[in-house]
Amino acid sequence: MSVAHLRETAEMRHPAAVTEARGEDGDPASAAALLGRGPEHRMAASILAALLSVGVVTGTVNLFVGNTVHEGHRWIYVGAILLSAVAAVTLALRRRATGAQTFALVLLGDAVYVVVAMCVENPSRHATPLMLLFPSFFAAWFLRRWQFAVNLVLTPLACLLGMWTPLETPVGMAVDVALNAGMLNVAALGVYLLRNRVQRLLEATQALSSVDPLTGLHNRRYLVEQAPRVWRQARRDGTGVAAMVLDLDHFKRLNDAHGHAAGDAVLRAVAGALSATVRPADVLARTGGEELVVLCMVSDPGEAGRLAERLRAAVAGCRADGGYGVTASIGTALTRPVDGEEPRDALWRLVHRADAAMYEAKQHGRDRVASSPIPQPRPAPAPDPVRATRAPDLA
């Protein structure tokens, strides 16, 4: 097992895990979730705060332009501006926006457009439906599917209320609303489809960077990324963490005798057998060549030994196309995670011990399991009896 080669890749950091970015309905939670941050992302808050600030400035300027705002509606207009200003300042200070808060602010943008359109003298000039472009695009990029659908329904209603005038005929009003709301919703749908396309591309990138293309198993990068989760859960549950290093016996001889195609077929067969044997919570990774690592949580060394024996038997019993098969030498090592240790460093120390045990299994005949002894904690030094009985110096 090439532990040095593994250690060279230990510092590699995978990009944000986008596989967790989908909500319960399978929909991307937000554009921020595409970056691995979830809906609480400062980018969403910053954009919302900037857009609200622009609206506040524009609305304030209209207050001082003659005959722009109806005198009887001035207080409603001022209230909408103040509400937008409070939201902008809050976002700028907190620098985060949850999914529910983002949805509420998109609805606020729709409502502000309606209020402004109803309060100004000339809505076609000072409150065009283009004001809804920003909440529509923001909803398409940051909101969940059902929230985006709600905004698609509300956009025509906002256009109708904002463009309503008693002088317009019903047919003319319907045409104007359909044109404006239709263009807004079509554009928003385009942004939404673009977001989904980006999501799929990021998921494909995630798969390429964390999955071994030959066997379909996870790779060493994924193994490193899972160490903090495993160590955290083991500390919480009070269990141990075991590493099992598997090396296929005489695999080079198989390649030399039957070709690399046969070797690849054997690797795929072994991967399938091991995948069917490990438990759902265990991490199985191909770390290079014919070397594999299993990282799992166990209660005691006996449980680790039993799982290793099942893995050994699974490898010995599988056959690839053509009847080719191999055996595996397995080394196991167990540790008890403690507070304060760095999980990735602890992982490589554990793998190093399991690797040494695997070589011990090789030396004793292969196709067997060997266990690394559990390191015993160093005893605390005994107190000095003379120093312990000496009276304190009060001078």
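Ala, Val, Leu, Ile, Met, Phe, Trp, Tyr, Cys and Pro count as nonpolar, Asp, Glu, Lys and Arg as charged, and the others, Gly among them, as polar. The legends below describe close-up views of a predicted model.

**Figure 1. The lining of the largest pocket contains 19 nonpolar, seven polar and no charged residues.** The space in this largest pocket amounts to about 620 Å³. Its lining is built from 26 residues, and those nearest the centre of the pocket are Leu51, Gly55, Val112, Met131 and Phe134. Two or more lining residues are given by each of the elements α3 (42-63), α4 (74-94), α5 (99-119) and α7. Helix α3 supplies the largest share of the lining, namely nine residues.

**Figure 2. Helix α7 (residues 133-142) packs with helix α9 (residues 170-210).** Two packed helices are described by the angle between their axes and the distance between the axes. For α7 and α9, the angle is about 25 degrees and the axes lie 8 Å apart. Angles under 35 degrees count as roughly parallel, so α7 is roughly parallel to α9. The two helices cross in a right-handed sense. On the α7 side, the contact involves Leu133, Ser136, Phe137, Ala140, Trp141 and Phe142. These residues meet Leu184, Ala187, Ala188, Val191, Tyr192, Leu194, Arg195 and Val198 of α9. By class, the residues of this contact of α7 with α9 comprise twelve nonpolar, one polar and one charged.

**Figure 3. Helix α11 (residues 251-258) and helix α12 cross at roughly 135 degrees.** The axes of α11 and α12 come within 6 Å. The two helices, α11 and α12, are therefore oblique to each other. Helix α11 contributes Phe251, Leu254, Asn255 and His258 to the contact, while α12 contributes His260, Ala262, Gly263, Val266 and Leu267.

Figure 4. The crossing of α12 and α13 is right-handed. From α12, the residues in contact are Val270, Ala273, Leu274 and Thr277. Their partners in α13 are Leu307, Arg310, Leu311, Ala314 and Val315. The residues of the contact of α12 with α13 fall into seven nonpolar, one polar and one charged.

Technical notes: Residues are numbered from 1 along each chain as its sequence is written. This is a predicted model: local features need pLDDT of at least 70, side-chain atom pairs count only at pLDDT 80 or more; totals for chains, interfaces and linings use all residues. Side-chain values use heavy atoms; hydrogens and water are left out. Axes are lines fitted to C-alpha atoms, for helices over the stretch in contact, and angles run from 0 to 180 degrees between N-to-C directions. Helices (H or I, at least four residues) and strands (E, at least two) are DSSP runs, numbered from the N terminus. Angles under 35 degrees count as roughly parallel, over 145 as roughly antiparallel, 65 to 115 as roughly perpendicular and the rest as oblique. A crossing is left-handed if the near helix is turned anticlockwise from the far one by less than a right angle, and right-handed if clockwise. Contact means heavy atoms within 4.5 Å. On a 1 Å grid over the protein atoms alone, a cavity is a set of points where a 1.4 Å probe fits but cannot get out, and a pocket is an open set with protein on both sides within 12 Å along at least five of seven lines; lining residues have an atom within 4 Å of a point. Grid points are joined across faces, edges and corners, and a volume is the space filled by probe spheres set on the points.
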